[in-house]
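User: I want to learn how to read a model like this one. Can you take me through it feature by feature?

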Amino acid sequence: MAENHAATPYGLAHHFDSLDQQREAGTLGMWVFLITEIMFFGGLFLTYILYRSKFPHEFVAGSHALDIRLGAFNTAVLIGSSLTMALAVYYSQVGSRRLLVTYLTLTMLLGLVFLGVKGIEYTEKFEHHHFPGADFQWEDPAQAPALEGNPGAGKVDGRHVEMFYWIYFAMTGLHALHMIIGAGLIAVLIVLAVRGRFTAEYHMPVEITGLYWHFVDIVWIFLFPLLYLIGRHE
Amino acid sequence: MIPKQPRTHYLNISYGFKSWLFTTDHKRIGLLYLVSITLFFFVGGAFATIIRLELATPQGDLVQAETYNKLFTMHGVMMIFFFLIPAVPAVLGNFLIPLMIGAKDVAFPRLNLLSWYIFNLGALFTIYAVVSGGVDTGWTFYTPYSTTYSNTHVLATGVGIFITGFSSILTGLNFIVTIHMMRAPGMNWFRLPLFVWAHYATSLIQVLGTPVIAITVLLLAFERVVRIGIFDPALGGDPVLFQHLFWFYSHPAVYIMVLPAMGVVSELVAAFTRKSIFGYDLVAFASIAIAVFGFLVWGHHLFVSGQSVYAGMIFSFLSYAVAIPSAVKVFNWTATLYKGSVSYQTPMLYAFGFIGLFTIGGLTGLFLAAMGLDIHLTDTYFVVAHFHYIMVGGTIMAYLGGLHYWWPKISGRMYPEGWAKLGALIVFVGFNLTFFPQFLLGYMGMPRRYHAYPEEFQVLNVMSSAGASILAVGYILPMVYLIWSMRYGPIASSNPWPATGLEWQTSSPPPTENFEEIPVVTWEAYEFAGQEKEVSAAG
């Protein structure tokens, strides 16, 4: 490119011709990475489909013992964080440092709220001995009121409910790990943004972190109905 | 054009460990991988040596049955995850793709270096498992043996494979973005060398398949630690689910090994017949077709595991379908030879070796894809011979051929042609003597993974062990003379063969940023006609 002789644009790595090429490469790289993430979670979704069709009653029983209010609250929190992330990307494109920092911070806070609520839910599961392993207990009669209208009530095998909880913890745990990584990435972005490292021309890191964040949100959008809402219509 | 005065290139621009361990130059990273995988190849080879020594006699007189289980497991794990999968893409692909498309580097150079570190970290875990007592599940890690009953280091090995998977993913990701975004002006998709097409297809598999083995191994490792999990029959879990998930990656993984090898062979055949590859488009699309079909055939590993017969029929049919694009490639290479001006230099000898051995390996694969015959052949030496023909006869042949072909570009020196031809011959003879008897043994019913066998199988087993010794010589020889040639080999010109392709238009070895000036491509792939004039004009 002709500008190469004049001055290398700010943020341009040596092996790219232009910031446009660099941004497109970064974005494509993140999309490809997200495809690998879909396949990664895909193994768990497959497991879920398989065992839910094998043990439908146990999955409904296990699902009913989850706190739907906390789950719904967290869904709203995450959708909100996607909005603030989208706004952060927008303000990085127009080059507003103050609003970029504001919305990145909001996104991170919402992410932390989600993780906090998840922590409350996990603690509750531990206390009720719903964490799979030697301590796992499933008292069907005690849970009977929660199973109202559930055609499988009374013939639920606790071992298969344990399988539901194993999948619940595997899926939400892996999702939470992605949230923690995402919050860490945003923390780095906040520091860089405060130091003025992003300009209207160079803001690729914000954009691709945004893609990642939205992906993690979308995973939750699938997890919430699959884990919390099954059998609720009956 | 032999530069007489010392010239700055990627090898002599800086010296010292730091300049290598912190490099982001794709060429140096390719060489770092070369060092790592050569080491792991010889570790895996050492296990194979003991296996073949044990099998020289029918009795279990050298090692115990338990030790033998560990030997074939660690041979498989080392060779597959730490040699065959990275061999062509991480060494030759890393070195060549940016050169071939006219780029200064891959799209994400730091990620590229990171992937090498991840690779070695994973290898460290696996080597820890090896030296602290080994692992005995077979490289397939079938549950519930691997989750519940094995008393060996399944966890460390699993963690090692999990970690190494990410290096494979990052390499694939890097190649996809590089091929999409970094091509030189004029280098459109149908001017790309077929090596690049093959790596694009490989990268698709790496990106789509590897995450599945990652989550599978993660679930297996978890289940081993907390003694409860999704493969646990006590919870209603299904151990066969593990086999499905495992082969969903591990069958396409065979194509991760062999597709880049096919890419190498396409380059070799074009260069040493001085013709454009017959049916360029078909060969390019065949790579993609193999990548796509490769994902739909994993069930042929489960014909005897209680999988539904209808599923088996579909998997059988689809496995046959993979033969079509594979055969397209073989036929097109052969057709390229027709009326070509074939020269029988070492890389071409390896290419011939690949075509022959891959054909045998592929056709015997069809035997195994037939459900009825597979019941007889499952878990016999027929299977062992089949996949060694593909992985060793195919991938390693092409890898060695490619290493010789691009050695002048990599090192700036020519290898000794006489020794190299002898080496290629030894490898070919040794390979066939090692593995062809195993087809017969398998057909006669000798099961795999046993350290002792009935006496009537001894003659063929001794042949196999003798072949393995010859093969070992054939593998050590190139290592010796290639290292020798780095210092004493004749200086290579920028295009010694002479071949087409942008990698031959820059100097040998290339400068750090590959080209003095980014080339503008105005010609098709393998256009020898224009080059002939240039060469004859130059003298």
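Analyst: We go from confidence to the interface, then to helix packing and backbone geometry. Keep in mind that this is a predicted model.

User: What are the ipTM and pTM of the model, and what is the mean pLDDT of chain B?

Analyst: Start with a caution: where pLDDT is low, the predicted coordinates should not be read in detail. Here chain B averages 94, and 97% of its residues reach 70 or more. The model scores ipTM 0.93 and pTM 0.94.

User: Next, the interface. How many residues of chain B are in contact with chain A?

Analyst: Chain B contributes 29 residues, in contact with 27 residues of chain A. On the chain B side, α6 (154-181), α7 (194-226) and α8 (239-273) each supply at least two residues. The most come from α7(B), with 8 residues. By type, the chain B side has 22 nonpolar, 5 polar and 2 charged residues.

User: Which residues does A:Leu44 contact, beyond its neighbours within four places in sequence?

Analyst: A:Leu44 sits in helix α2 (residues 19-54) of chain A. Its contacts of that kind are A:Ile167, A:Ala170, A:Met171, A:Leu174 and, from chain B, B:Ile215.

User: Is A:Leu44 buried or partly exposed?

Analyst: Count C-beta atoms. Buried needs 20 or more others within 10 Å. A:Leu44 has 19, so it is partly exposed.

User: How are α6(B) and α7(B) oriented to each other?

Analyst: Look at the crossing angle; over 145 degrees counts as roughly antiparallel. The axes of α6(B) and α7(B) cross at roughly 155 degrees and come within 7 Å. The two helices are therefore roughly antiparallel. Their crossing is left-handed. Residues in this helix contact divide into 21 nonpolar, 9 polar and 1 charged.

User: Now the backbone. Where are there cis peptide bonds in chain B?

Analyst: The general idea first: most peptide bonds are trans, and most residues other than glycine have a negative phi. One cis bond joins B:Thr143 and B:Pro144, with omega about 0 degrees. B:Pro144 lies in the loop between α4 (109-131) and α5 (145-149) of chain B. Another cis bond runs from B:Trp497 to B:Pro498, with omega near -15 degrees. B:Pro498 is in the loop between α15 (458-488) and α16 (528-538) of chain B.

User: And what is the phi of B:Arg227 and of B:Arg449?

Analyst: B:Arg227 has a positive phi of about 60 degrees. The loop between α7 and α8 of chain B holds B:Arg227. For B:Arg449, phi is positive too, near 65 degrees. B:Arg449 is in the loop between α14 (417-444) and α15 of chain B. B:Arg227 is partly exposed, with 13 other C-beta atoms within 10 Å.

Conventions. Residues are numbered from 1 along each chain as its sequence is written. Chains are lettered from A and ligands numbered from 1 in the order in which they are written. This is a predicted model: local features need pLDDT of at least 70, side-chain atom pairs count only at pLDDT 80 or more; totals for chains, interfaces and linings use all residues. Two residues are in contact if their C-beta atoms, placed from the backbone, lie within 7 Å. Helices (H or I, at least four residues) and strands (E, at least two) are DSSP runs, numbered from the N terminus. Ala, Val, Leu, Ile, Met, Phe, Trp, Tyr, Cys and Pro count as nonpolar, Asp, Glu, Lys and Arg as charged, and the others, Gly among them, as polar. pLDDT is the predictor's confidence in each residue, from 0 to 100. Axes are lines fitted to C-alpha atoms, for helices over the stretch in contact, and angles run from 0 to 180 degrees between N-to-C directions. Angles under 35 degrees count as roughly parallel, over 145 as roughly antiparallel, 65 to 115 as roughly perpendicular and the rest as oblique. A crossing is left-handed if the near helix is turned anticlockwise from the far one by less than a right angle, and right-handed if clockwise. A residue is buried if 20 or more other C-beta atoms lie within 10 Å of its own, exposed if 12 or fewer, and partly exposed in between; C-beta atoms are placed from the backbone.
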